[in-house]
Amino acid sequence: MKYFASFILIVIIAGCGGSDDESSSNVSLSGNIFVASNTARDSDVNDISTRRFPNDNIYEAQSISNPVILGGYVNQPYAGPAGHFYESGDWDDFFEVDLRAGQIITLFVTNQNLLGNDLDLALLNRAGFILNASVGDGKTENLIVPADGHYFVQVQAHSGASNYVLTIGQNTSVTTTGMRLSDDFMSNEAILQPSPKIQTIDNRFTIQSSDQSRRMLVELNTFNIQSTSKKFINSELENKYNTLIEIKRLRKDGIKAEPNYKWSLFRTTPNDTLYKHQWNHSIIELPQAWDFTTGNSAITVAIPDTGVLLGHPDLENKLVPGYDFVRSRYSELDSERGIDSNPNDPGDQLPGGSSFHGTHVAGIIAAQSNNNEGIAGVSWNTSIMPLRALGKGGSGTEYDIEQAIRYAAGLPNDSGTIPSYPADIINLSLGGGAFSEGTQILMDEVWDKGVIVVAASGNEDTEVPMFPASLDSVISVGAIDINKNLASYSNYGNHVDVVAPGGDNTPDINGDGDPDGIISTMGNDLSDKRLQLEYSYNYAIGTSMAAPHVAGVISLMKTVNPNLTPQDVENLLSNGQMTDDLGADGRDDKFGYGLINAKKAVLAASNLHTGDDTQLPVAPPLLVANPKSLNFGVNTTSTILSLSNWGDGDLEILDISDNSDGILFIDGDGLGDYNILVDRSLLSFGTYTATITITSSVNVVKVPVILQVNNNSDASGNAGLHYILLVDPGTLEPIQEVQTEVNDGSYSFRFNDVQAGEYIIAAGSDSNNDGFICDEGEACGAFSTIYQPTTIDVRNNRSDIDFSTGFNVFYQSQVVGTEVTPPKRGFARLGKKHRLAR
């Protein structure tokens, strides 16, 4: 038996059936091609052989199931191959679907940036108003469903023409990409990379940065963007949409433009006032660490934040010179215009009083200690570099924060100056849900400078990554409460490296009459003394409070090992030498490598400095479920869930439960395969979700489940009109072709009058009508698999040639170099006299 090399094939389809050779051996070949039940096809593709059912607006929206994988095609007029829509265009495809909160909608643009092709994705409410949109210019657009409900999903041809694949499914820690309206960014602003092309189109923006040799801030002129054909739920979304569209236009003109994302402090507002006991010190064994060192003023931690109250009595003797990088006159709130050398915190005017967030963070790290006043810092003697990058409302922009980070690390920045002694550590108790590529580059540059960056993971109680904490070269810190439980607000996931005390504002576990928050230095601008600020102390909770514990401990480590590098810290952390393990043995997605332990960390840094060797721990037992989530679709009634131990040592399954109210049935025991069954008999039409929880002796695994009840009797999959080809394996020329539509989830085919010899059989759709099947974004299959088609030696009739088909998409793409290479093609249609490209 012979096989083709493993590659994705694109085939030429015949416009007529039968062989060109009149001689026939009367041999027939037949079989069935199966399609998954959650497969759907766009009802108005460009293929002239298909029946067309318009889905061009919400009134003609095509109803689809959930979850789904759908193949489609859109184009602007006179873009793409000739077909149904070459002249008129098929700008939009609308789909009507029942969705669940947290699901992810992903659009794979299969021919992105080829001849200017660009597709966008939008989510609309039942009234047709846009709730969110992803309008990037890359291969993937995606959106997160905000709440349970009935929605319209729109795919739009922003430019050019392209096949696409649209998927809706459960969110298993997928990192969203692209530019979305739901991202938090500044309207009418962008950050541009230097380029000679900027001077040719500078009428479209106003440059705000003084130094144009590096990334610069610009104010966009978006008045000429027309979005009147779209309906938005408010004017703010429309302004954000126009901003993203203008950024996309700049990118198409060859300028690297990115949104100016907003980052804000990670802080959970408490509901009480003074808190006077620091339980957070003993829980990380700080007193034991102080037996070795209380820090050194030569070690500096920089805090890009709201600034610091420079006159606070517990901080004023701990500060080195800093800078104020808040440039916007609307958010700076101080007397100086633009950026200046005064990083004092003027307050951020939050409702209920200013947060003085940077002051609180600074006190946790290094409040003046052993002075009979206020609180003790994690490090008694470490210096603080105050940097103001967040203004009114405790928010700021990625660009301003970037300047503060650059200043702290001794890199060129908008101040035109650098500190005499750059910081050793940078604490970032701030962030947001999106970032630009330039920020990752900056973090790598800071790492290379030997500066250690610590960041808060975020307070959204989600495993969705937040930035900058989730970037490479950054230590991401989650929060625990007084009982060493993951705090209810703390983010988690594979990006979290370590946890530290962040507090909780509801219980009083230690019985001292106050909530168990984190007490630190603070200001009070709601005093009865009009126009007068009071220096004070107060508690706060959040990962913003957890991160400075880690930054402070690292400053103690730098005291005993001045040569400590970011790589050293990463190694010590991953080896378990800085933490107490929490949760499952070893690293886990709730606690990372565990709870920071000041004593262990200081000893490890000291041992590293003196040359002592360390031992890596044995891999701990770890319960893993495969698959990570279960989809029963519309008509599946059972599936297999496998449980296994991916580590060493013993692991016992203690309990398996679900919250489906009797819809799910679980059959199995111990490690191994479990049969999961579903009973839909008591369910009405709609989409349903549940969670299977598996508790083992070392960790807990949660498996999300989704299923659907459809009132349509035809609940089978449909991948669109298929062309089945009989192909000469030597020349890859098609010999015969059969066209067929799906029937109850499968395509039946039969070739007659086939001469004895060797053949391969391939099948697929031709959504863009270019004469080729199996283009990316089109359905594709081959016997026995598309990745390794089997050569059939034909001597007698065969009726068992069964295989599957599905939409062809590359889930990851990588651009290497600058040379543009035409896409590979595969099987072409006989009627168009195309041939199989190698």
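By the ring-pairing rule, in which ring centres lie within 6.5 Å, the count comes to ten aromatic pairs. The structure examined here is a predicted model. One of these pairs joins Y323 and Y407, whose ring centres are 5.7 Å apart. The planes of the two rings meet at 40°, so this pair is classed as tilted. Y323 belongs to strand β18 (residues 323-324), while Y407 sits in helix α5 (residues 398-409), and the pair therefore ties together parts that are 84 residues apart in sequence. Elsewhere, ring pairs link F749, F751, F783 and F803 into a cluster.

Attention now turns to a pair of helices. Two packed helices are described by the angle between their axes and by the distance between those axes. For helix α4 (residues 357-366) and helix α7 (residues 543-560), the angle is about 35° and the axes are 8 Å apart. The crossing of α4 past α7 is right-handed. On the α4 side, the contact is made by H357, H360, V361, I364 and I365; α7 contributes S544, M545, P548, H549, A551 and G552. Sorted by class, the residues of this contact are six nonpolar and five polar, with no charged ones.

Strands come next. Four of them form an open sheet in the order β30-β32-β35-β34, and their pairing is antiparallel. At the edges of this sheet lie β30 (623-626) and β34 (664-667), each of which pairs on one side only. Neighbouring strands of the sheet are turned against each other by 25° on average, with direction ignored.

G80 is found in the loop between β5 (68-75) and β6 (92-99). Its relative accessible area is 40%, so G80 counts as partly exposed. G160 lies 80 residues away from G80 along the chain, and the C-alpha atoms of G80 and G160 are separated by 6.9 Å. When neighbours within four places in sequence are set aside, G80 is in contact with Y73, Y86 and A161.

Terms used
Residues numbered from 1 in each chain as written. Predicted model: local features only at pLDDT ≥ 70, side-chain atom pairs only at ≥ 80, totals over all residues. Heavy atoms only, no water. Axes fitted to C-alpha atoms, helices over the stretch in contact; angles between N-to-C directions. Helix = DSSP H or I, 4+ residues; strand = E, 2+ residues; numbered from the N terminus. Left-handed = near helix turned anticlockwise from the far one by under 90°. Contact = heavy atoms within 4.5 Å. Nonpolar A, V, L, I, M, F, W, Y, C, P; charged D, E, K, R; others polar. Pairing = 2+ DSSP bridges. Phe/Tyr/Trp six-rings, centres within 6.5 Å; stacked < 30°, edge-to-face > 60°. Buried < 20%, exposed > 50% of the residue type's maximum accessible area, 1.4 Å probe, protein only.
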